[in-house]
Amino acid sequence: MKIGVSSCLLGTQCRYDGAGSKDGFVVNELAKYFELVPYCPEAMVFGTPRESIRLVDVEGEIRVISNKEHKDVTKELKDISEQLALEAFEENLCGFVFKAKSPSCGIERVKLYENNSNMCEKKAVGLFAKAVIDKQPLLPIEEDGRLNDPWLKENFLMQIFAFSDLQKFLDNNPSFKDLVEFHTSYKYLVYAKGQESYKHLGSIVANHDKRELESVLEEYKIAFLKAISQKGNINKTYNVLLHIFGYFKKLINADEKEHILTACQEYKDGIIPLIAVVKLLNLYVKRFDDKYLKVQKFLNPYPKELALRSDVKAYK
Ligand code: SF4
């Protein structure tokens, strides 16, 4: 599995001042699970060190201007950004982590200056980030700063692993039966993202119009990627926990029921992390050997060593 990253996040000394911006999570955690593919549009086109640049609003058009010589370098940066975005597309990436606030790599809140002024009330998207988004609008993307938020980090990692699963599934020439299996395994994970998406995906798989497999898969792919791009929250996740509990509530005694429901409530109240409830539910899934629940990605969405569900703040 490959993830694109802004090169400086790996510690590569490619920033305008010759420094890097090593990000601990990218280098120490993501690198364990993904091949990191670095991109630095500015170093490629301007070299390092170089004059710093800024985004400037010139009569409603975003231009890239160098800070000292006030040279307009929009075309150079735009061309290299589009070239690298195409290369990123051909790499079959399953996600991208960009450097925040950079005029090339920032995905939001990049300063956009007024022309011939130091005023910057407006915000924009970096040129390279925009090129990648335009080329692959449904690719999971995040910025280094935002990944310090456990909720955004959990959502992003879940999205990347699901994205990669879909890629592998589609690469294996799936049949209708395979699609039903894939969809079944993501039932509760998608449900935890949004009920509308869940219903929509179900109707695509049901294929009442008897469409060709290829067109069903294409529609499913887009709807699935949109579904997993939504952020989960405590209430939706709590509902999924209750649904799963429903599978064995008639098979267990009153004490066991109370134990599970208390755990679900404590998760909802932010007292215990999700992993505590999931571990408990997994015990019952194993005990009753429930084949349907056993394959649910919601219960095991990514390697447990990432420990993302161990943080109470990973849900809100
Ligand atoms: S933010 Fe982007 S353009 Fe700037 S140094 Fe890092 S990788 Fe290069």
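This report walks through a predicted model of one protein chain, from its overall build to some single residues.

## The whole chain

Let's start with the big picture. The protein chain holds 13 helices and eight strands. Its C-alpha trace spans about 75 × 50 × 35 Å along the principal axes. Of the 316 residues, 47% count as buried.

Phe 248 is worth a visit in the 3D view. Leaving aside its neighbours within four places in sequence, Phe 248 is in contact with Ile 260, Leu 281, Tyr 284, Val 285, Phe 288 and Leu 293. Phe 248 also belongs to helix α10, and is one of the residues there that meet helix α11.

## Two helices side by side

Two packed helices are described by the angle between their axes and the distance between the axes. For helix α10 (residues 234-248) and helix α11 (residues 254-268), the angle is about 170° and the axes are 10 Å apart. An angle over 145 degrees counts as roughly antiparallel, and α10 and α11 are therefore roughly antiparallel to each other.

Which residues make this contact? From α10 come Ile 234, Asn 235, Thr 237, Tyr 238, Leu 241, Leu 242, Phe 245 and Phe 248. On the α11 side they meet Lys 257, Ile 260, Leu 261, Cys 264, Gln 265, Tyr 267 and Lys 268. Sorted by kind, the residues of this contact are ten nonpolar, three polar and two charged.

Beyond its neighbours within four places in sequence, Leu 274 is in contact with Thr 237, Leu 241, Tyr 267, Arg 309 and Tyr 315. Thr 237, Leu 241 and Tyr 267 also take part in the contact of α10 with α11. From C-alpha to C-alpha, Leu 274 lies 9.2 Å from Ala 263, a residue eleven places away in sequence.

Glu 266 sits in helix α11. With a relative accessibility of 29%, Glu 266 counts as partly exposed. Setting aside neighbours within four places in sequence, its contacts are with Ile 271 and Ile 272. The C-alpha atoms of Glu 266 and Val 277 are 9.0 Å apart, and eleven residues separate the two along the chain.

Strand β3 (residues 53-58) runs antiparallel to β4, and six bridges join them. One example is Arg 54, whose bridge partner in β4 is Ile 65. The two strands form a hairpin with two residues between them, and Glu 59 in the turn has a positive phi of about 50°.

Some loop residues have backbone features to look for. The peptide bond from Thr 48 to Pro 49 is cis, with omega near -5°. Pro 49 belongs to the loop between α2 (41-46) and β3.

Asn 92 is not a glycine, yet has a positive phi of about 60°. Its place is the loop between α3 (74-90) and β5 (96-98), and at 51% relative accessibility Asn 92 counts as exposed. Asn 116 has a positive phi too, near 55°. Found in the loop between β6 (110-114) and β7, Asn 116 counts as exposed at 77% relative accessibility.

Methods:
Residues numbered from 1 in each chain as written. Predicted model: local features only at pLDDT ≥ 70, side-chain atom pairs only at ≥ 80, totals over all residues. Heavy atoms only, no water. Axes fitted to C-alpha atoms, helices over the stretch in contact; angles between N-to-C directions. Helix = DSSP H or I, 4+ residues; strand = E, 2+ residues; numbered from the N terminus. Parallel < 35°, antiparallel > 145°, perpendicular 65-115°, else oblique. Contact = heavy atoms within 4.5 Å. Nonpolar A, V, L, I, M, F, W, Y, C, P; charged D, E, K, R; others polar. Pairing = 2+ DSSP bridges. Buried < 20%, exposed > 50% of the residue type's maximum accessible area, 1.4 Å probe, protein only.
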